[in-house]
2 protein chains.
Amino acid sequence: MTRSSVPPPVTAVMDAAGVWLPERMAEVEEKLAAQAIGHGARLGEEAEATLAAGGKRLRPLLVLMAAGDSAGERAVRAATAVELVHMATLVHDDVLDGAPVRRGRPTVVARSGRDRALAVGDLLLSRAFAELAVAGGEAEVAELSSASVALALGELAQRHDAFDTSIGERRYLERCSLKTARLFESACRVGRLASGAPGTEELAAFGRDIGLAFQLLDDVLDVTGPQERTGKARGTDLLDGTVTLPLILAIRLDPGLGEIELRGLDQSAAEAVCDRIAETGALDQVRSRARKGIKRAKRILDSDVFTDEERELLGLIADGVVERYS
Amino acid sequence: MTRSSVPPPVTAVMDAAGVWLPERMAEVEEKLAAQAIGHGARLGEEAEATLAAGGKRLRPLLVLMAAGDSAGERAVRAATAVELVHMATLVHDDVLDGAPVRRGRPTVVARSGRDRALAVGDLLLSRAFAELAVAGGEAEVAELSSASVALALGELAQRHDAFDTSIGERRYLERCSLKTARLFESACRVGRLASGAPGTEELAAFGRDIGLAFQLLDDVLDVTGPQERTGKARGTDLLDGTVTLPLILAIRLDPGLGEIELRGLDQSAAEAVCDRIAETGALDQVRSRARKGIKRAKRILDSDVFTDEERELLGLIADGVVERYS
């Protein structure tokens, strides 16, 4: 997804928010674009491709909304930092998966090889912390570095569990927490830290809930496709050996699925497994859980610590996570 | 090199310093060891092996000496953070090189595969910044993240230049600056920041000089071996396509060396090239430059901003860089 085609949930939030939110998002985009320029021609190509690839920008949007109208430069820096950590993770994940495309574009690893992709990821991660290093920024550094540790632990857990179809729901949820929900939580936390307003814990819980729902629906999308929408082939998780909730629940409904040797799959066999997962009805169960998570997140917004504008904007983001996949 | 066999320069400094320096280094070792424990059994094995492998600990030692006797916890955290950044780089470099051993032990990538090594490196890098995130630590974060960016740019430059025997001295020195001297400089800077004493720029220049000398001598050692001393096979740089100053200067003296196709070398051919480099006398030229750099570094210590103890201890470290290789 490129920056010129902003996805619907983001558009809805931008339309509903005062002029401050689109203005601040534009500053974040400028800061992200400046990363490539600031580090010489050598880095430029690879990083520019990654940074320009855009994406949903959900995490920086959460930072800015958690920080609110009255926060300034510090919120913009925090939003940039969170997106840089996210990007670093994507670049390194693509190195591990040898992924050819992401968001319909060649990955850094496909363009420039493992070596450069590894260094580009390290650079983006280091730059993230540089963005936070302003007066009083140590609380944000503590928060984001902790989330970044969680991402690495999530990656380790995923690799550890690879190709193991006996993985249970609890283990899957733990991985989702480390790999996805923690950074959504962190986005909310660093945003609120930058503003100094109360409600950090409420927002953190909100971030965790929508982050988990986001991951559940992402895992459904890997099974359903279509590729034009996801920017990657169906069944990519299966091919990588990543056992997700759709498969875990499908195995309960169709135990024969648990006997399939994931290591041996090719693309067409993976798509056939996707079809078989879909036939069990497991996908509706996963979607239903995600929707429950979104409802729970929206109930958190009833708290007195939030303003009406915050309730509206954060509610739109929560809805957007579901709508994208409906 | 394991922690039980502390290398000579470190021993000399420890003997000369008051009890404060060994005590604080012990705290750094504890903090480094705690990284593995703090992140679960999954990480434990790989990280513990990396952390326990020890090494020279020159960088944290520089941090502590730059901070001085009166600095406390903040200096220990900064020293730990600098070593964590260094370790993250080693782990990621080994992924790229597919290096089987480092310091005579199996590398993380050899033990656990690329995937986990990549995640372990990300984790160590993220933990580095977490260590610095204490009250007022944002200046240290800014400094170390900038050094960490330099390391990634150095890695990109090295990969870009790989197997290119037309690389000149200037380009080589630029790479050394990014890959080695910058982190030595940063060690001095974050140490001094933690103490608040004057002399940061003098110490930064001192760090750059000894860092560059360190890299020059390391590149000599790759040509001379022996493996028992370096913990890796002779000619590893040649096999990786890394053109270093010994080869650059040797080509001037024996232009035929510039015609060798590095991509085609095997271990015994690489050792033969090492012998041919040594025969040109280029190694003495490189050693002589390194010694000049050390002299320049020690002249910086004449400045009034340093105490007699600082002059003595930092001078011992500077000498130690040369002695290790003499």
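The legends below describe close-up views of a predicted model. In this model, local features need pLDDT of at least 70 and side-chain atom pairs count only at pLDDT 80 or more, whereas totals for chains, interfaces and linings use all residues. Residues are numbered from 1 along each chain as its sequence is written, and chains are lettered from A and ligands numbered from 1 in the order in which they are written.

**View 1. Phe163(A) sits in a loop between two helices of chain A.** The loop joins α7 (138–161) to α8 (169–195); helices are DSSP runs of H or I with at least four residues, numbered from the N terminus. Most residues other than glycine have a negative phi. Phi of Phe163(A), however, is positive, near 70°.

**View 2. Phe163(B) lies in the loop between α7 (138–161) and α8 (169–195) of chain B.** Its phi is near 70°, a positive value in a residue other than glycine. With 15 other C-beta atoms within 10 Å, Phe163(B) is partly exposed.

**View 3. Glu138(A) is the residue of chain A that comes closest to the rotation axis.** Its C-alpha is at 2.7 Å from the axis. A rotation of 180° with 0.0 Å of shift along this axis superposes chain A on chain B, with an RMSD of 0.0 Å. The two copies are therefore related as by a two-fold rotation axis. The superposition is by least squares on the C-alpha atoms of residues with pLDDT of at least 70 in both copies.

Key. Buried ≥ 20, exposed ≤ 12 C-beta atoms within 10 Å, placed from the backbone.
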